[in-house]
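Visitor: I would like to go through this model and ask what stands behind each label.
Guide: Then let us take the terms one at a time.

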Amino acid sequence: MHERPMVETIKIRLKEKRRFIQVILGPRQVGKTTAIQQVLNSCRVPFYYAAADLPAPPSTQWISNQWELARIKAEGKNRVILVLDEIQKVAYWSSEIKRLWDEDGRSGKNIHVVLLGSSSLLIQKGLSESLAGRFELVRFPHWSWLEMKNCFGWSIDQYIYFGGYPASASLIGNENRWRQYICDSLIETALSKDILLLNRVEKPVLLRQLFVLACEYGGQVLSYQKILGQLQDAGNTVTLAHYQRLLEGAFLIQGLQKWSGNALRLRNSSPKWLPLNTGLISALSGESFKEWRNDPAKWGRLAESSVGADLLNKGIFGGVEVYYWREGNNEVDFILRKGSAITAIEVKSGQKKMDTRGLLMFKKHYPRAKTLIVGCGGIGLEEFLEIPIAKLIA
């Protein structure tokens, strides 16, 4: 059974004697629940598991009920692990967790709490409002190329097209079934349960259209004004920016900001749209693997999106920020920053001419920056995706 690197982090923390709240945060269907079950079955400590993924969002009483069952197991100061899955579904969950956690601290109950969630905005809000100083965060991103290759024996082309959803790996022999699974079980569930059910969204059609456009224009810079010109539902740029944050909070897309070295200009730039898993792009397109692979221009954009998604997912662990850069006609696909270290990355797929003017111009502005070419004339795509991000930025 494949075990992700983050699982070892969970195991180490659960072996510690001190009480803490461990929060496991990541997209749907990337193995959060499977990982915690692996840990629980191996740690030889009594545990109680419950999931809030119910047809209707449960009340805080649901948390209290599960907590009491864990307390029963903790009689006599026994150590017990309480796992609450999809915790963001419970309104005001963080305040209730804080109340019960502090009660246990006063009474000497030895309950270690593990919370699993798939909505970054709702989880982070609760952590900052109620649980400051009481939790540790473990991030579970989309699966990497190495993980999909080692676990399922995929080729690099399969990874670029089908993306990094492990549960979909057994379906790729039937592309229609695979596509239906991605659209129904992943996209629709994330939109309806993680966003629309738990957030105030006045124009749900507009939010869905924005997501589709973000996938259609994956890897491209598109301003809010241009997006509004293509949408059927009337809206404004403030609404679009809000919906973008909701989609980002559900780990579906990321809007890269333009690198300028100036924080104000970063916030005001038009985003470069990147789905965090290329399977989202392929599934929504309705086109087959063969159709994508036989179109060099489209395949090049998909490969670039795969690189961008990989950098964003790896950057979560390394504390690395990802941007793009453009000045006039000169552009660099991705800029990595950690502290004062900067790396500029240009992705050159087979159909692109060897034009490095963007990198040269960026280097002129930032002489200390490291530059890399991925693909034609540089490091191979497969090799690049296997490099730890710490080595890219060092």
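**Labels and their grounds**

Guide: Helix α11 (residues 237-249) lies across β7 and β8, and runs at about 130° to β7. The model is a predicted one.

Visitor: What makes β7 and β8 a pair, and in which sense do they run?
Guide: Pairing requires at least two bridges between the strands. β7 and strand β8 (residues 272-275) have 4 bridges in the antiparallel sense, so they pass the cut-off of two.

Visitor: Why are β6 and β7 called edge strands?
Guide: The open sheet has 3 strands in the order β6-β8-β7, with antiparallel pairing. Both β6 (220-221) and β7 (253-256) pair on one side only.

Visitor: How do you know that β9 and β10 pair?
Guide: By the bridge count again: strand β9 (residues 321-327) and strand β10 (residues 330-338) share 6 bridges, antiparallel, where at least two are required. Glu327 has Asn330 of β10 as its bridge partner. The hairpin of β9 and β10 has 2 residues between the strands, and Gly328 there takes a positive phi near 65°.

Visitor: Why is Lys314 called buried?
Guide: Buried means under 20% relative accessible area. Lys314 has 17%, so the label buried applies. Lys314 is found in helix α15 (residues 296-318). Setting aside residues up to four places away in sequence, Lys314 touches Phe384, Leu385, Glu386, Ile387 and Ile389.

Visitor: What makes α15 "mostly covered"?
Guide: Of the 23 residues in α15, 17 are buried.

Visitor: How does the reach of α15 compare with the span expected?
Guide: From first C-alpha to last, α15 reaches 32 Å, close to the 33 Å expected at 1.5 Å a residue. Just after α15 comes Gly319, with a positive phi of about 65°.

Visitor: Which residues of α5 are buried, and what do they pack against?
Guide: In helix α5 (residues 120-130) the buried residues are Ser120, Leu122, Ile123, Gly126, Leu127 and Ser130. The buried residues of α5 pack against β1 (21-25), α4 (93-107), β4 (111-117), β5 (135-139) and α11.

Visitor: What makes a set of residues a nonpolar core?
Guide: The members must be buried, of the nonpolar kinds counted, and joined through side-chain atoms within 4.5 Å. The largest such core has 116 residues, of which Ile63, Trp93 and Leu311 touch the most other members. Helix α8 (residues 175-196) supplies the largest share of this core, 8 residues. Apart from this core lies another, of 11 residues, among them Trp259, Tyr323, Trp325 and Ile373.

Visitor: Which residues does Leu311 touch?
Guide: Not counting residues up to four places away in sequence, Leu311 touches Val322, Phe334, Leu336, Ile345, Phe384, Ile389 and Leu392.

Visitor: Why is the contact between Arg179 and Glu175 called a salt bridge?
Guide: The nitrogen must be within 4 Å of the carboxyl oxygen. For Arg179 and Glu175 the closest N and O atoms are 3.7 Å apart, so the pair qualifies. The two are 4 residues apart in helix α8, which means a separation of about one helical turn.

Visitor: Are Arg179 and Glu175 buried, exposed or in between, and what are the values?
Guide: Arg179, at 12% relative accessibility, counts as buried. Glu175 has 23% and is partly exposed, since buried requires under 20% and exposed over 50%.

Visitor: What joins Glu68, Arg71, Glu96, Arg99, Glu103 and Asp104 into one network?
Guide: Salt bridges that share partners join these residues. The whole structure has 22 salt bridges.

Conventions:
Residues are numbered from 1 along each chain as its sequence is written. This is a predicted model: local features need pLDDT of at least 70, side-chain atom pairs count only at pLDDT 80 or more; totals for chains, interfaces and linings use all residues. Side-chain values use heavy atoms; hydrogens and water are left out. Buried means under 20% relative accessible area, exposed over 50%, partly exposed in between (1.4 Å probe, protein chains only). Contact means heavy atoms within 4.5 Å. Axes are lines fitted to C-alpha atoms, for helices over the stretch in contact, and angles run from 0 to 180 degrees between N-to-C directions. The expected span of a helix is 1.5 Å times one less than its number of residues. A salt bridge is a side-chain nitrogen of Lys or Arg within 4 Å of a carboxyl oxygen of Asp or Glu.
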